[in-house]
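Reader: I am new to this structure. Please take me through one part of it closely.

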Amino acid sequence: MSTVWLIARREFRVRTLSKASLISSGIMIAIIVIGSLIAKPFLTGDDEPATVQVDTATAGDLVPYLDAAAEAQDAAYVFAEIDAPAEPAVAEDTAGLVVGPADAPTLYLDGGDETLTGIVQVATQQAALSAAVEDLGGDPTEVATALAGAVPTVQMLGDDAGDFDSGAFFAGFAVIFILFFVLIQSSSVIMMGVVEEKASRVVEILLATVRPATLLGGKVLGVGLYALVQAAAMVVPAVFAAWYLGLLEQFEIPLGPLLTNLAVWFVLGFAIFTVFFGGLAALVSRQEDIGAVSTPMMLLMMVPLYLSIYLVPNNPDGAATAVLTQVPFFAPFMVPMRAAFGTIAGWEIALAIGICLATIPLLTWIAGRVYAGAVLNTGGRMKLRDALARS
Amino acid sequence: MPDLRIDHLTKSYGELRALDDVSFTVRGGELFGFVGSNGAGKTTTMRIILGVLRADAGTVTWNEAPLDLEARRRIGYMPEERGLYPRMKVGEQLIYLARLHGLSAADAAAAMEHWTEVLGVAERRDTEVEKLSLGNQQRVQLASALVHGPEVLVLDEPFSGLDPVAVEVMSGVLREQAARGVPVIFSSHQLELVERLCDRVGIVRAGRMVAQGTIDELRATERPVWELTGSLPAGWADAVAGSVTEASPGVWRVEAADAAAAQAALASAVKAGTVTSFAEVRPTLSELFQGVVSEEVSA
């Protein structure tokens, strides 16, 4: 066990302390933190209501209607009455100027402002309607109440009705997408590490004192810790930025279960995919040949990702969905997606985790054999069958 | 003294028989030279000793116990294809390798300091291996084989690519290790070096051990040859028993059944003219090796 740990520690240190890694993490953290510091004034600036000047003499009667229209549209404008100058102009720090007559006002703007234009239009029409109702002897307030109540109710019918939850979809999608990228990135780091040892021939010294499976296991563990630190280096500043910008309160989906899912399936998916890729990487001898093995594997990895994105929202209770949930290479994507939709039973999650846990030693054994059989072979690419035969 | 015994090793790569019933023993404190043409099976034998390859048949025992992973961790190994992490610093790398062999952190650091000092790369401890000269990389490679205080040394072509100074350093280290009681086995194409350094030699050809023993044992021949130089008239040897041939002007090769017959030949020569030298010619390792290789060619 201590040998695995020694190997893992070296991998972790080499990856984490490499200049390229430190610089890229530093840049990412700086961009997120500095970006949020810069963005803060802009984001909060939007909340300050803009002032619109209204000429008291000609358009003062419009102000209540303007206020009502702005509120109805959830737009933050303050309508301030002034005595407009003879030559109409938009004063500094204001959004516009409204000059009468009240039944056909003129809105002066510096630039296009569709919201304000709409508000003024609605307010003018309301004012005209109220005037007309009053002229006919009616009560404008009653008319307004009646109008407000005249809203249709929309009800969806049919199979899809109400099932598609876009919030759940995006939450699940975000989790499996992060997972996908972390797994792709870690797998390529593992593959490069395996081929580096092969290409530099240091592997022969290592194998004289360490079992192939131990070497591969230590590598996977070390790169796993590295991937965790990398992810934390991005998630922690991102959460800080979200908190600082006040975005956390707006997040309506419960974060806890999502993050738990991410953590559990990160560990399981990581073990499954990186062990597998690490074994396969031993088939090639040079960095430039990695593509021959990694490209088809990465493409294959997209299959569970896309199936999860497609199957879970469209067919949450289908047989394919239920079966694939229990297949090790699919589970890391299927389970978090189904969990986000709330369409998975507790026993299904437990079973999927159990099957993955049982598969990992088997997969490690197979990958270890491929690795052992291929790792001392130099020259061209080795066939999988030959590697298995030789170990 | 612990012996390293190689018993009846056989290994095939598909159709190719790389090793065919190879057996030899390296005693504790002994320098064993492993000689043979390229592809004769030296590297395969060493890889099997280290457990990097698996033999089809045969065993390797050390101290009369099978060489398992735990025992192999006490071997110092220098593979034919040199290999270290190119972008790892010399010191860190040696400590890492020492710890993989089971040393504690403190012992590993001390051993690293000792061996970088002895091998003259102490000032390079904080340099990445890929930035070292080839000669210094070789020294670090040797340090990596020694850093865990091995109880057996297996070195594949340790002298290849070394300058004369480094060859002396390497030779000195190997002698010291043998003097500690460590069985040392190394392969080399530099036969004079093997002859000078080794207690015993094994010659492999096409996967078979064709000759092994001490240098003296190997050089002993059934029909000894003497070389005689001098100024002698033609036909001086007509009366001599045995075969006398003129190898070059003024140099004769005398093949005699024993020392007495040789002395008789010398007496005839002295009677006939002037003899400037007379000595028994024993084949060098190089000549023995040539003999083995020519058998291989004619076979």
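**A helix in chain B**

Author: The C-alpha centres of domain 1 and domain 2 of chain B lie 46 Å apart. Domain 1 covers 4–214 and domain 2 covers 225–281; these bounds come from an automatic or database domain assignment. The model is predicted, so local features need pLDDT of at least 70, side-chain atom pairs count only at pLDDT 80 or more, and totals for chains, interfaces and linings use all residues. Residues are numbered from 1 along each chain as its sequence is written, chains are lettered from A and ligands numbered from 1 in the order in which they are written, and side-chain values use heavy atoms, without hydrogens and water.

Now to helix α6 of chain B, residues 164–179. Helices are DSSP runs (H or I, at least four residues), numbered from the N terminus. At 1.5 Å a residue, the 16 residues of α6(B) should span 22 Å. The expected span is 1.5 Å times one less than the number of residues. The end C-alpha atoms of α6(B) are 22 Å apart, which agrees.

Look at the start of α6(B). There a side-chain oxygen of B:Asp163 reaches to within 3.1 Å of the backbone nitrogen of B:Val165.

Next, the sides. B:Ala166, B:Val167, B:Met170, B:Ser171, B:Val173, B:Leu174, B:Gln177 and B:Ala178 are buried (under 20% relative accessible area, with exposed over 50% and partly exposed in between; 1.4 Å probe, protein chains only). Seen down the axis, the buried residues of α6(B) fall within an arc of 165°, so they line one face. That arc is taken from the directions from the helix axis to the C-beta atoms. The face turned away carries the exposed B:Pro164, B:Val165 and B:Ala179.

After α6(B) comes B:Gly181, with a positive phi near 100°.

Note on methods: Helix = DSSP H or I, 4+ residues; strand = E, 2+ residues; numbered from the N terminus. Polar contact = N/O pair within 3.5 Å; in protein donor to acceptor, adjacent residues only side chain to side chain.
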